[in-house]
Amino acid sequence: MLKSILSTATFKQSQVTVLGTLINGLLGFLFYVLLARFLGPDNFGLFIIATTSMVLVADIADIGTNTGLIRFVSKNLAVNIDKAYRFLKLGLEIKLIAWVTSVLVIFLLAPFLAVEVFRKNELILPLRLAGFGVGSALLFTFATSALQAYQKYFLWSIVNILTNTLRLLLILILGYYLILNLESSLIVYLALPFFGFFITLFILPARKILKAKFEFSLAKELFKYNIPVAIFTIIAAFSSKLDTYLTAVLLSSKEVGIYGAANQLVAFLPQLVSALGLVASPKFASFQASEQMLVYLKKFQLFVSGLCLVGLLTIPLAIYIIPIILGVQYQEATLPFIVLFIAQLIFLFSIPVHHSVIFYFGRPDVFIWVSIGHLVIIGGLGYLLISGIGIIGAAITVLLGTTFNFLYPLIWLLIKLKK
């Protein structure tokens, strides 16, 4: 069994994406560690609120386009390449329209959100900058989704590594010349994804994509698939950020910064999930028979189980390393980090189940109910736990949420296979 796993194309492709993700994770880790030290817990907390808002709005504005592109571009590349180009052009146009709309809405709502919701007047400018950054996030994910559909995993890794390397270098330069502050940090963070997008245009057949005609005739087909994806993505996006928002509303900027630091230290695991999904989703979408899918599912599950076991063995190191890396001002981040790390390992373990449901069975609507359940857990229990025990309560809430996100689709899959 092990030999057959190691010899599969998926494992070889996963080696590329996992290695790229590890490098990206290291670059991201260094970026956030340096930023946390330079800014201090208070300003770092404001940075986390602004960037979390940017990611949330970008996830909502995407309306499932990334998933739709992966499915339909992958499906048509071999049989109808002109149609694949039309899907890509349609996806790009949707994202540009979403960006313009998002900038206008956030610019107008920023004062209300900063003063009335978060009760932090100093958040007005960071939130408006986040509105600009929504475009960079939308265009960058268009680029990475296109590379995923083309199965250009090495180039996907290179684009991510170049973008994150430049971002880290700019932070170091600004810090060296003592001009690194909350606003300059946000500008660097939000602007660099544009670089990744434009680099990708040289990799993709950009001219053929832009010259594609009648792309809006595919809108019905794309949105028919995207609507359930968009619904659960929007709910999931909000619920996945709700712990940060609850800490922002209920706790001080300093506590938000400490919790944000713990969250960013485990950020490489969701990146690893995305990297493995990069390989797995086109595979699940391409299978024509359940027997093929089940063989792949078992091998893939065994592979991620090994990764989770390695992760569990590294937990004791965190107790000693975190205070050294972040500094004594972030010492309270250690316990939340451990809980969040376990939560993300459960998320990693659930990848094969999630992707089989979405891409093989074509049932993204299952995750509407998953997202609703997760939202109830984060919103209800999160409010009570954060109010009662602070940032550790937020971490426990995330752990409960990822456990539910794994169990519900697993039960659905087992029932489906039994039938």
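Me: Buried means under 20% relative accessible area, exposed means over 50%, and partly exposed lies in between (1.4 Å probe, protein chains only). Why is arginine 119 called exposed?

Reply: This is a predicted model with residues numbered from 1 along each chain as its sequence is written. Local features need pLDDT of at least 70, side-chain atom pairs need 80 or more, totals for chains, interfaces and linings use all residues, and side-chain values use heavy atoms without hydrogens or water. Arginine 119 has a relative accessible area of 56%. The cut-off is over 50%, so arginine 119 counts as exposed.

Me: Where is arginine 119?

Reply: Arginine 119 sits in the loop between helix 4 (81-117) and helix 5 (124-149). Helices here are DSSP runs (H or I, at least four residues; strands are E, at least two), numbered from the N terminus. Arginine 119 also has a positive phi of about 55°, although it is not a glycine.

Me: What makes lysine 241 and aspartate 59 a salt bridge?

Reply: The rule asks for a side-chain nitrogen of Lys or Arg within 4 Å of a carboxyl oxygen of Asp or Glu. For lysine 241 and aspartate 59, the N to O distance is 3.7 Å, so the pair qualifies. The pair links distant parts of the chain: lysine 241 is in helix 9 (residues 219-250), aspartate 59 is in helix 2, and they are 182 residues apart.

Me: Lysine 241 or aspartate 59: which is buried and which is partly exposed?

Reply: Lysine 241 has 15% relative accessibility, so it counts as buried. Aspartate 59 has a relative accessible area of 27%, which means it is partly exposed.

Me: How many salt bridges does the rule give?

Reply: The count is 2. Lysine 95 and aspartate 62 also meet in a salt bridge, at 2.6 Å, N to O. Lysine 95 lies in helix 4 and aspartate 62 in the loop between helix 2 and helix 3 (65-76), so the pair ties together parts 33 residues apart in sequence. Both lysine 95 and aspartate 62 are buried.

Me: What makes a nonpolar core, and how many residues has the largest?

Reply: A nonpolar core is a set of buried Ala, Val, Leu, Ile, Met, Phe, Trp, Tyr and Cys residues joined through side-chain atoms within 4.5 Å. The largest has 135 residues. Helix 2 gives the most to this core, with 17 residues. Phe44 is among the residues with the most contacts inside the core.

Me: Which residues does phenylalanine 44 contact?

Reply: Contact means heavy atoms within 4.5 Å. Leaving aside neighbours within four places in sequence, the partners of phenylalanine 44 include Tyr32, Gly257, Gln264 and Tyr330.
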